[in-house]
Amino acid sequence: MADNLTNTAENRALDWIMGSSTTAPTLPLKVALVTAAGDDATAGTEVTGGSYARKTVTVAAASGGSVANSADLVWTGMPAGTIVGWEIWDSAGTPVRWWYGPLDSNRTLALNDEFKIAAGGLTLSLS
């Protein structure tokens, strides 16, 4: 199974562990929704239209090698389309994509539907 870290995140994590860099994401981290999945090197196709905008994600301290969102992430006024996954971006002037993954199952939305990831529903882990 893929680790779902982008190549950028993998390289920065290794540089940090080896002491050659202290580079960290520019906070806050934002969750983006995608209609076509990306991979380690390439971003997916982000949702556009309606009232869609990336949402700030907060997490508690890591435990057992994982973290999860500590509050609901709710998008309202969504455009019609099918959401297949998510990505986590930082808030740098030129945002950096750090993580990505699929939804448990695709979700087709009608115009103005709400999309929600409940607290604890987005788990990020290293193993």
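Author: Tryptophan 75 is buried, with a relative accessible area of 1%; buried here means under 20% relative accessible area, exposed over 50%, and partly exposed in between, with a 1.4 Å probe and protein chains only. Phenylalanine 115 counts as buried too, at 4% relative accessibility. This is a predicted model, where local features need pLDDT of at least 70 and side-chain atom pairs count only at pLDDT 80 or more, while totals for chains, interfaces and linings use all residues. Residues are numbered from 1 along each chain as its sequence is written, and side-chain values use heavy atoms, leaving out hydrogens and water.

A search of the whole structure finds one aromatic pair. Tryptophan 75 and phenylalanine 115 form this tilted pair, at 5.8 Å centre to centre with 55° between the planes. (Rings of Phe, Tyr and Trp, the last by its six-membered ring, pair if their centres lie within 6.5 Å; planes under 30 degrees apart are stacked, over 60 edge-to-face, and the rest tilted.) Tryptophan 75 belongs to strand β5 (residues 73–75) and phenylalanine 115 to strand β8 (residues 115–117), so the pair ties together parts 40 residues apart in sequence. Strands are DSSP runs (E, at least two residues), as are helices (H or I, at least four), numbered from the N terminus.

As for the setting, the chain has one helix and nine strands, and 32% of its 127 residues count as buried.
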